[in-house]
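Hello,

Here is the structure I said I would pass on. My notes follow it.

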Amino acid sequence: VIRCRAAVAWAPGKSLSIEEVEVAPPKAGEVRIKIVATGICHSDEHVLKGCLPNVEFPVILGHEGAGIVESIGEGVTSVKPGDKIIPLCIPQCGECSFCLNPESNFCQKFHICEPQNLLPDKTSRFSCKGRQIHHFLWVSTFAEYTVVPEYAVAKIDAAAPLDKVCLFGCGFSTGYGAAINTAKVKPGSTCAIFGLGGVGLSVVMGCKAAGASRIIAVDINKDKFAKAKELGATDCINPRDFNKPIQEVLTELTGQGVDYSFEVVGKAETMIAALASCNMSTGVCVMVGVSESGSEIAIDPMLLLTGRTWKGSMLGG
């Protein structure tokens, strides 16, 4: 058993608390990891607010990290102690119908299908003050050590800088892949990105890499515009500068609406605006932002009937 520090969420609505926790050794098919770097994703904040479904408290959050394999359980063959790895918040069991489908990046062991509050054998490797602590998405990078199933680990290059590549665990992959894999942005096209956090900026990078000729960045915080332009945005727009809906602004700006739009905020009103900002014939809108549990959207069916495509993207497809 390893004793180390972790940020524990004891209950919804309460701040994280730095505690000494015990991390049990890995069982068969599991990997214990020394976490070297972690990012902070807004989905972690959703959990603290009680807005993400099926999460049980107390819990160690964090799902965007990188580290080094400390030890392995029986039967583990893909990694060995000392390997650099990125834990996967969407596992790849390699056996379910989703994993066997080359067009899918999901797994039926993912949290949306089957809660990952405990490891597959329905026990936890974390304890604190005599209490069981739950896992989060089988990753829990807000601990100095964590235990995950082997199929939720990706071995990476030994030269990779862990403080940088931890962002592949969620933020960068989610944004960049939404443009490259889900939307399949075409060269010469026009794109609009709603929300310029780390994920939205990664969408900007993906659109640029795909050869988009016009990349319109949309955010109510103008302080984000310089970084967006540095990464490839050609236009930056603040909806608060206009007295009309932003979808009307984008339609007028482009003549007929954009070819691709990306909602990276997680709010119903921006999802509708992003869909409506697409051109009605071939426009594709990709939903990237995570909305609060129980959210619902009401739209005019004509937005879709006229030819737009509305897609969701999880971890960049």
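First, the basis. This is a predicted model, in which local features need pLDDT of at least 70 and side-chain atom pairs count only at pLDDT 80 or more, while totals for chains, interfaces and linings use all residues. Residues are numbered from 1 along each chain as its sequence is written, and side-chain values use heavy atoms, with hydrogens and water left out.

Domains and pocket

The two domains (bounds from an automatic or database domain assignment) have C-alpha centres 31 Å apart. At least two lining residues come from each of α3 (171–183) and β16 (309–312); helices (H or I, at least four residues) and strands (E, at least two) are DSSP runs, numbered from the N terminus. By type, the lining has two nonpolar, seven polar and three charged residues, with Gly counted among the polar ones.

Cores

A nonpolar core is a set of buried Ala, Val, Leu, Ile, Met, Phe, Trp, Tyr and Cys residues joined through side-chain atoms within 4.5 Å, and buried means under 20% relative accessible area (1.4 Å probe, protein chains only). The largest has 28 residues, and Val21, Val23, Ile60, Leu61 and Phe136 make the most contacts inside it. Elements that give it two or more residues include β1 (2–9), β2 (17–23) and α1 (42–48). β1 gives the largest share, six residues. A second, separate core has 26 residues, among them Leu201, Cys207, Ala228 and Val286.

Phe136 and His63

Leaving out residues up to four places away in sequence, Phe136 touches Asp44, Val47, Ile60 and His63, among others; contact means heavy atoms within 4.5 Å. His63 sits in the loop between β4 and β5 (65–72). His63 is buried, at a relative accessible area of 3%.

Regards

Notes: Buried < 20%, exposed > 50% of the residue type's maximum accessible area, 1.4 Å probe, protein only.
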